[in-house]
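Reader: Hi! Could you walk me through the interfaces in this one?
Author: Happy to, here it is.

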There are 2 protein chains.
Amino acid sequence: MAGTTEESIKGRTVGRQEADQQTVAGHSDTQRAFLASLAAGLRPGQIAEDEATRTAYSVDQGPLLEPHLPLAVVWAESVEDVQNIVRSCAAHQVPIVARGAGTGVSGGAHATQGCIVLSLERMNRILDLNPDDETAVVEPGVINAELNAAAAEHGLMYAPDPASYKMSTIGGNVATNAGGLRCAKYGVTRDSVLALDVVLADGSLLHTGHQTFKGVAGYDLTALLVGSEGTLGIVVGVTVRLKYLPREVHTIAAFYQDFRSAAAGVLAVGKARVQPAIMELLDNGTLTQLDEMNGSDLQTRGKSLLLIQTDGFGAAAEADVVRQVLAEGGATVTTEASEEAEMLVELRRNSRGVEMDDEFRVGEDIAVPRSRLVDFVAELEAMADRFQVRLKVVAHAGDGNLHPTFWMDRVDPATDADALVRLNAALDESIRVGLDMGGTITGEHGVGQYKLRWLGLEQPEPVRELQRRIKELFDPAGILNPGKAI
Amino acid sequence: MAGTTEESIKGRTVGRQEADQQTVAGHSDTQRAFLASLAAGLRPGQIAEDEATRTAYSVDQGPLLEPHLPLAVVWAESVEDVQNIVRSCAAHQVPIVARGAGTGVSGGAHATQGCIVLSLERMNRILDLNPDDETAVVEPGVINAELNAAAAEHGLMYAPDPASYKMSTIGGNVATNAGGLRCAKYGVTRDSVLALDVVLADGSLLHTGHQTFKGVAGYDLTALLVGSEGTLGIVVGVTVRLKYLPREVHTIAAFYQDFRSAAAGVLAVGKARVQPAIMELLDNGTLTQLDEMNGSDLQTRGKSLLLIQTDGFGAAAEADVVRQVLAEGGATVTTEASEEAEMLVELRRNSRGVEMDDEFRVGEDIAVPRSRLVDFVAELEAMADRFQVRLKVVAHAGDGNLHPTFWMDRVDPATDADALVRLNAALDESIRVGLDMGGTITGEHGVGQYKLRWLGLEQPEPVRELQRRIKELFDPAGILNPGKAI
């Protein structure tokens with residue numbers, strides 16, 4: 001999967017290199033001096049200046065607004081490497097875009113003008129995993145799934161599970177405060193991070209947080225850094241709390257004849273006061289895609305699917321309540337332990353990398369208060385009709401976190417000149433309606449670069465100004481991932 | 001209980017007023033001008049300048065190092081009141097000590113030189129409780145237990161449950177990032193707070209966070225403010241996430257012949273990968289106290305008690321595993337559903353207000369990594385012997401969060417001149433050993449004023465300096481609870 005993704009990224013960005021002609025054509029004297037100083041602190045294999053590599057590392061999986069190539073790509077292999085790199089950049093006022101696996105979808109790791117890309121993928125060691133303390137200490141480049149595999153040997157798990165968990169890194173998860181499927185029960189990344197090692201904008205190393213589950217000494221700098229998308233510091237070490245791997249898991253697939261009824265099923269489970277580990281809502285567009293990819297016949301069974309997993313010692317009893325509640329709401333519910341349902345969850349879990357967003361296909365990440373799920377879905381469907389764009393929705397429904405994707409098929413500019421205008425109008429409208437319902441523009445993906453255009457709609461100026469001042473305090477020269485997150 | 005506490009506070013501080021003769025004797029012209037401007041924005045019943053009231057509100061339940069009386073006590077009844085009060089204070093450079101119920105135990109709400117005390121206890125309305133969204137919006141003065149009572153009507157609960165939950169306020173819980181008994185399973189205050197309304201040092205009103213379960217737009221200002229003990233802003237509104245009230249609860253009381261075996265039982269439950277809702281560890285000193293208070297005979301049954309509650313759909317199955325694991329570790333375990341065990345949990349839950357800390361009795365709040373629980377307890381017992389001080393320990397053992405209390409009985413300065421020296425040596429030593437084991441000086445009570453002396457042992461200067469700069473950014477004149485938290 002990781003290989004596929006990297007190739008996708010490369011394939012996708014090759015066509016964009018023309019836009020950076022001025023950078024590609026050659027460096028200025030200042031840039032050459034900087035690159036020489038940078039290389040002086042690294043071994044040869046740790047820096048690349050060739051165009052192919054710079055292109056491959058110039059973007060993450062988010063929509064791209066303005067292509068740039070980095071001056072170089074560097075791979076840190078130690079905390080000291082990161083400190084040296086940051087000091088070189090600080091001395092030459094060169095922006096640093098830190099990057100894990102590049103699986104972000106908001107453009108938080110897109111290259112900016114004149115930057116270097118600092119890859120942390122080689123810092124991939126699990127430094128400690130203490131099954132009695134139920135904690136682990138990892139370097140930022142450790143893949144989420146690898147930490148989970150190591151924890152599973154002790155009956156433990158690292159709870160945050162973004163759909164990219166087989167390829168994304170813990171450092172990247174921390175940078176975006178990544179969510180995932182089982183957050184409603186187990187929390188988001190911030191809830192699992194106890195302590196951080198962070199290289200600040202001056203190259204100094206800061207340790208925040210505590211090794212214990214609880215700790216309230218001083219301000220919660222750890223929480224401030226989680227989700228800051230590499231704009232306040234570069235995470236070089238993460239202490240996480242592990243949770244107990246549930247021994248029993250029950251999976252339920254409930255098919256509905258329309259999406260709104262399925263969304264109502266989510267609320268019905270909540271009203272029954274049952275907390276599933278996973279509650280994924282898939283609309284007809286998503287079922288169509290799954291059928292096309294897997295040769296299945298999900299569409300013949302319903303227009304929408306609610307996938308629920310209960311886990312732990314009460315999993316069976318909880319599953320019984322869930323099945324009853326959903327059946328009462330008109331769903332066709334699998335009544336026995338269902339291999340198919342488990343397979344569907346796996347498909348959903350591993351759905352990242354299947355398609356890439358671009359200007360004609362934009363996946364969103366709106367969260368709304370749970371009671372508004374049904375209304376919001378109805379509004380989305382109306383928008384798709386009104387703007388003549390295609391829509392599919394998948395949601396971490398337990399959190400009210402929806403991923404609607406608006407897209408256009410085979411757009412021919414000659415016959416459909418305003419296609420992009422309509423697509424963007426649908427996007428803007430969905431954001432506006434989501435915010436009106438008390439929602440947020442990003443539940444778990446981060447603002448990155450792409451969602452900056454909407455941030456002002458959610459956060460008034462005083463909130464934004466306070467964040468700018470915090471950014472200034474941490475990074476007065478503005479070299480850490482400028483133009484992102486806030 | 002609240003009444004008892006208030007009386008205790010009054011009784012306790014009356015003897016200390018001599019120390020503030022200069023304040024009590026009369027105000028300077030500047031102070032008089034300030035008080036006039038303050039009163040101008042309030043109704044008569046919202047401000048008190050009499051000595052009895054100022055004395056009663058001059059301290060929380062933490063040990064007092066340096067007594068001060070506030071210039072006045074003011075009761076805000078609205079957000080606008082808080083804004084007006086802060087603006088008056090800002091204009092006159094008068095420090096503000098905000099306060100909920102005054103149940104803090106680190107001196108975070110102790111009056112400082114020349115301050116006013118701003119009580120938020122009258123802002124006690126639950127503004128919204130949405131059972132479908134599973135959220136509530138409350139004013140800061142709402143009592144934790146009252147929010148829980150309102151939530152329980154809908155099968156919901158507000159999870160953080162400090163032992164003071166029957167008297168402490170949500171605002172105070174937010175200020176200290178309060179923990180409690182069921183945190184190991186349900187998280188601390190920060191994990192339940194979605195959004196905050198905060199009056200900043202210039203009197204402006206800031207709204208942080210989101211109404212949704214997930215949200216990653218911008219920096220996590222909410223998490224930064226939670227636990228900041230009124231030093232960055234004054235919380236005037238709190239949006240919380242509610243969790244599901246478990247329908248089934250099983251309670252287990254396990255008696256041990258020594259405290260270390262009981263601590264080992266905590267790890268054994270963890271190794272079985274069962275997550276109890278509550279896991280309280282009580283030593284012999286605590287059992288003695290409970291027997292004295294309640295006429296029970298706990299001491300005849302063991303020298304230490306581990307109280308465990310499992311909850312939710314799997315509660316019975318989890319309780320079975322817990323009983324088996326503990327019995328294998330040498331415990332005498334209640335084998336049937338035990339009313340006594342439930343009564344013991346209630347006693348533990350409501351143990352606040354029974355005794356007050358003072359210079360001869362100091363309760364600590366150290367947390368250590370779970371694997372060090374047994375070692376740390378052994379060290380504490382050795383310290384008590386070595387320094388000839390009395391010790392009792394109660395612990396939220398699932399979190400590794402211990403509350404050792406060191407104290408002296410009937411100290412006679414004539415015969416035991418170095419009693420205080422020994423007590424403080426034991427305190428300092430316990431902190432040092434806890435930190436050496438990877439612990440923290442405060443798991444859930446906050447640094448307040450009393451623990452500042454140890455903060456430098458836990459946090460190196462760069463971490464402290466960064467916090468000072470964040471404080472400066474939020475409160476450049478330093479009027480918000482100066483000399484606390486960082």
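**Domains and interfaces**

Author: This is a predicted model. Chain A is divided into domain 1 (2-119), domain 2 (126-244), domain 3 (249-349) and domain 4 (361-458).

Reader: Thanks! How far apart are the centres of domain 3 and domain 4 of chain A?
Author: Over C-alpha atoms, the centres of those two domains of chain A are 23 Å apart. The contact takes 16 residues from domain 3 of chain A and 16 residues from domain 4 of chain A.

Reader: And what area is buried there, between domain 3 and domain 4 of chain A?
Author: About 1500 Å², with carbon and sulfur atoms giving 61% of it. Phe259(A), Arg260(A) and Leu267(A) supply 35% of the area that domain 3 of chain A buries against domain 4 of chain A, more than any other three residues.

Reader: Nice. How many salt bridges are there between those two domains of chain A?
Author: The count is one salt bridge between domain 3 and domain 4 of chain A. As for Arg260(A), its side chain meets that of Glu381(A) in a salt bridge, at 3.2 Å from N to O. There are also seven residue pairs in polar contact across the interface of domain 3 and domain 4 of chain A.

Reader: Which helix gives the most to the domain 3 side?
Author: That is helix 11 of chain A, with seven residues on the side of domain 3 that touches domain 4. By class, this side of domain 3 of chain A has eight nonpolar, four polar and four charged residues.

Reader: OK, switching to the two chains. How many residues of chain A are in contact with chain B?
Author: 84 residues of chain A are in contact with 84 residues of chain B. The two chains bury about 6800 Å² between them, and 59% of that is on carbon and sulfur atoms.

Reader: Which residues in chain A lose the most area to chain B?
Author: Lys214(A), Tyr219(A) and Arg273(A), which together make up 16% of what that side buries.

Reader: Last one: where does the largest share of chain A's side come from?
Author: From helix 18 of chain A, which brings nine residues to the side that touches chain B. By class, that side of chain A has 34 nonpolar, 31 polar and 19 charged residues.

Key: Residues are numbered from 1 along each chain as its sequence is written. Chains are lettered from A and ligands numbered from 1 in the order in which they are written. This is a predicted model: local features need pLDDT of at least 70, side-chain atom pairs count only at pLDDT 80 or more; totals for chains, interfaces and linings use all residues. Side-chain values use heavy atoms; hydrogens and water are left out. Domain bounds come from an automatic or database domain assignment. Contact means heavy atoms within 4.5 Å. Buried area is the accessible area (1.4 Å probe) that two parts lose on being put together, summed over both. A salt bridge is a side-chain nitrogen of Lys or Arg within 4 Å of a carboxyl oxygen of Asp or Glu. A polar contact is a pair of N or O atoms within 3.5 Å; within protein, one must be able to donate a hydrogen and the other to accept it, and residues adjacent in sequence count only if both atoms are side-chain atoms. Helices (H or I, at least four residues) and strands (E, at least two) are DSSP runs, numbered from the N terminus. Ala, Val, Leu, Ile, Met, Phe, Trp, Tyr, Cys and Pro count as nonpolar, Asp, Glu, Lys and Arg as charged, and the others, Gly among them, as polar.
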